[in-house]
Amino acid sequence: MPLITAVRSFLKHPQAIPKNIFLRLPKTISPEPHIFVFGAPRSGTTLMKLILGAHPNLSSFGYETGLFMYRDIYGFTYEGFTATDIADLIKQSPDIVQFYDKFTQQITQQTGGQRFIEKTPQHVLRLKFLLKHFPNAKFINMFRDGRDGYCSARHHQNVPQGKSIVRYASYWKKCVNARLNQGENDNIFDVKYEDLTNNPEQVVRQIMNFLGEEYDARQIEPQYYSQNTITQDTRQEFRKLSKSIDQLSQGRWKKELTESEVQQFHEIAGRELEILGYIQDGLKVGKSHLLSSH
C-alpha cells in the first residue's frame with residue numbers, strides 16, 4: 001500500500017490511530033501453523049493460492065488481507081465478515097498477531113479447512129516480522145522473471161507499479177531482495193513460476209511435502225482449483241486462472257518489450273535477474289547485447 005494511501009486510510013478513523021499503532025507493536029508469538037504466500041506482483045501468487053486451496057485440509061477463502069502492511073485495521077473488510085464482526089475481533093485482540101489468529105480461526109471454522117492460506121504479494125516486504133511472530137507458519141515465496149511480471153502487471157488495474165517499467169522494476173527488485181535478505185530458512189519454500197508451470201505435479205508435490213500435507217491430484221486440475229471467488233471475476237487478468245496450467249506466459253517479454261524497455265529493466269534489476277538465473281553468463285537472455293554492469 002503506497003504511503004499516501006495508508007495515511008489517508010488512517011485519517012478516516014483518527015480516533016483509532018493510537019490503537020492502530022499499539023496493535024502493530026505485538027508481543028505475541030503465534031503458535032499456529034498458518035500458510036503465507038507472497039512475492040512480487042504478477043509472480044503467480046494467486047495461482048499458488050488456488051492450487052493450495054484445492055486441498056481439502058486448506059482454506060483459500062476470499063481475497064488478500066494485506067493485514068501486515070501499514071493500513072487502518074478499523075477499515076479492514078473481508079468477505080463473510082460484517083463490520084461488527086471485525087470490531088469484535090479487534091476488541092478481543094491486544095495486537096495484530098492475535099487478531100490474525102482469531103480471524104483465521106473463524107474462517108477455517110466456516111470453510112471446514114484446517115489451515116488458512118493468506119496470499120498478499122507485498123507481505124514479502126514484511127517477511128522479517130512474519131518469521132519472528134509466526135515461527136510455526138510456512139511461507140511460500142514466488143519468484144518470476146520480472147520482465148514477464150511487468151508484461152502482466154501493466155495490464156492489471158490493481159497493480160499500480162505496472163504503470164511504469166521503471167516503477168515496476170524497482171518494486172520487483174525490492175520484493176526479491178526482501179526475500180533474499182532473509183537467507184536460508186527451513187520455514188520458507190521458494191517457487192519459481194516457470195518451474196511450477198513446466199512441471200506442476202512435481203513442484204506441487206514438493207510444496208505439499210514442505211507443508212506436511214498429502215498431495216491431492218485434484219490440486220492441479222482446473223475444475224477444482226478454479227472453485228474460488230477470484231476465478232469468478234470476469235476481468236481479463238483472472239481468466240487464465242480457470243484454465244489448465246501451461247507455459248504460454250513464459251518469455252513473453254521477448255515479444256512484448258522493446259529493446260529500450262529491456263535495457264531499462266536490466267539497469268535497475270539486472271543483478272537480481274542474474275541471481276535468480278534469468279540472465280546467464282552476463283548476457284540478456286534472448287537479446288544480443290551485454291548486461292549493463294553494476
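**Exercise 1. Determine whether E256 is buried, partly exposed or exposed in this predicted model, and identify its salt-bridge partner.**

Solution. Step 1: the relative accessible area of E256 is 30%. Step 2: buried requires under 20% and exposed requires over 50%, with partly exposed in between. Step 3: E256 is therefore partly exposed. Step 4: the salt-bridge partner of E256 is R252, and the closest N and O atoms of the two are 3.0 Å apart.

**Exercise 2. Locate R252 in the chain and state which residues it touches beyond four places away in sequence.**

Solution. Step 1: R252 belongs to the loop between helix 12 (236–239) and helix 13 (253–256). Step 2: leaving aside residues up to four places away in sequence, R252 is in contact with R144, D148, C151, S152 and H155. Step 3: one of these residues, D148, is 104 residues from R252 along the chain, yet their C-alpha atoms are separated by 5.9 Å.

**Exercise 3. State where the salt bridge between E201 and R205 is placed.**

Solution. Step 1: the N to O distance in this bridge is 3.0 Å. Step 2: both residues lie in helix 10 (residues 200–211), four residues apart, which is about one turn of the helix. Step 3: E201, at 38% relative accessibility, counts as partly exposed. Step 4: R205, at 42%, also counts as partly exposed.

**Exercise 4. Classify the packing of helix 8 against helix 14.**

Solution. Step 1: helix 8 (residues 165–180) and helix 14 (residues 259–275) pack at an angle of about 5 degrees, and their axes are 9 Å apart. Step 2: because angles under 35 degrees count as roughly parallel, helix 8 is roughly parallel to helix 14. Step 3: the contact involves residues including W172 and V176 of helix 8, and F265 and I268 of helix 14.

Notes
Residues numbered from 1 in each chain as written. Predicted model: local features only at pLDDT ≥ 70, side-chain atom pairs only at ≥ 80, totals over all residues. Heavy atoms only, no water. Axes fitted to C-alpha atoms, helices over the stretch in contact; angles between N-to-C directions. Helix = DSSP H or I, 4+ residues; strand = E, 2+ residues; numbered from the N terminus. Parallel < 35°, antiparallel > 145°, perpendicular 65-115°, else oblique. Contact = heavy atoms within 4.5 Å. Salt bridge = Lys/Arg side-chain N within 4 Å of Asp/Glu carboxyl O. Buried < 20%, exposed > 50% of the residue type's maximum accessible area, 1.4 Å probe, protein only.
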